[in-house]
Amino acid sequence: MPTFLVGSRASALARAQVREYLAPLREQFPDVRFTHRPILEGGDRDRRSLLSSVSAVSGGSAFSTEQEAALVRGDVDVVVHSLKDLPTANPEGLVLLPPPGREEVHDALCGSTLAGLPKGARVGTGAARRVAQLRAVRPDVECVPIRGNVPTRLAKLRTMKLDAVVLAVAGLRRLGRDDEITEALPLDLFPPSPGQGALGIQVRQDNKAIRDVLSTVGDAAVDAEVRAERALLAELHGGCSVPVGAYAEMRPDGYLTLYAQVTSLDGRRRVSGELLGHGSEPEKLGAALAEELIDQGARSILDAIRPAAAV
């Protein structure tokens with residue numbers, strides 16, 4: 001029986017994502033064995049330091065470096081990432097395959113609605129994008145840095161006496177924690193991280209056997225959406241530590257709409273834009289919208305943020 005080794009982070013969410021991804025493959029290929037191998041990342045080992053510092057120590061990303069190294073060494077055959085955690089550039093010899101269907105892209109407030117937050121409310125989030133977007137809409141809110149997996153951050157509502165925390169709807173749903181969602185935040189004010197809700201399926205470029213198997217569950221529409229979002233992020237030279245929000249949607253006519261926003265950390269400056277392009281050229285669409293945002297001043301916002309930004 002052929003066996004493929006599947007790597008991921010060790011968190012409960014990562015394990016849930018692997019189960020979700022493998023379920024149709026196991027049904028479609030009953031004669032293939034898929035074995036899961038959790039891999040501990042720097043951001044999981046060190047939950048006190050800024051993620052920008054953890055990334056610097058690891059020489060890459062706090063949430064993908066160890067998994068990518070294991071893939072390059074041949075310790076695993078495929079890695080299932082949260083795509084929003086993955087840098088826009090692949091290490092040499094690695095490629096991303098089209099992801100399967102995408103989960104909800106919205107962020108969520110847990111503990112209160114946006115309108116229900118009292119003046120001076122304490123809201124837990126460690127993401128620069130979420131901090132900036134919250135300050136733009138509710139400048140009175142105090143953003144409290146929090147780290148950890150989804151259950152840990154939810155628990156901090158009580159242990160840190162927070163009024164609310166911000167989390168991705170996708171992660172809450174995949175963990176069966178939908179009942180914790182008080183409000184899904186509107187996309188026009190709180191566009192998500194590029195790739196949010198999608199899985200990043202990464203393999204070695206020369207591993208034809210597994211590419212042939214995994215290609216059967218890829219979704220072409222989702223692939224176009226996330227490629228446009230990630231192309232925009234790459235053009236802005238951004239990453240998970242800068243406040244860039246973007247989401248794309250494939251239309252029935254084969255065209256792709258892409259919306260994006262860049263916000264200063266204090267919430268006082270915000271540039272946004274939307275473009276329509278053909279779904280066969282998602283990278284072209286992402287680059288074009290990035291240029292529009294740069295013309296509006298996005299570059300100066302990001303240049304001012306990068307030295308101090310943290311996820």
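Colleague: Is the crossing of H9 and H10 right-handed or left-handed?

Modeller: The crossing of H9 and H10 is right-handed; a crossing has this hand if the near helix is turned clockwise from the far one by less than a right angle, and is left-handed if anticlockwise. The model is predicted, so local features need pLDDT of at least 70 and side-chain atom pairs count only at pLDDT 80 or more, while totals for chains, interfaces and linings use all residues. Residues are numbered from 1 along each chain as its sequence is written, and side-chain values use heavy atoms, with hydrogens and water left out.

Helix H9 covers residues 220-235 and helix H10 residues 282-295; helices are DSSP runs (H or I, at least four residues) numbered from the N terminus. Their axes lie 7 Å apart, at an angle of about 40°. On the H9 side, the contact (heavy atoms within 4.5 Å) involves Ala-224, Arg-227, Ala-228, Ala-231, Leu-232 and Glu-235. H10 contributes residues including Pro-282, Gly-286, Ala-290 and Ile-294.

As to confidence, the protein chain averages a pLDDT (the predictor's confidence in each residue, from 0 to 100) of 92, and 91% of the residues score at least 70. Over residues 54-58, pLDDT stays under 50. Where pLDDT is low, the predicted coordinates should not be read in detail.

Technical notes: Axes fitted to C-alpha atoms, helices over the stretch in contact; angles between N-to-C directions. Helix = DSSP H or I, 4+ residues; strand = E, 2+ residues; numbered from the N terminus.
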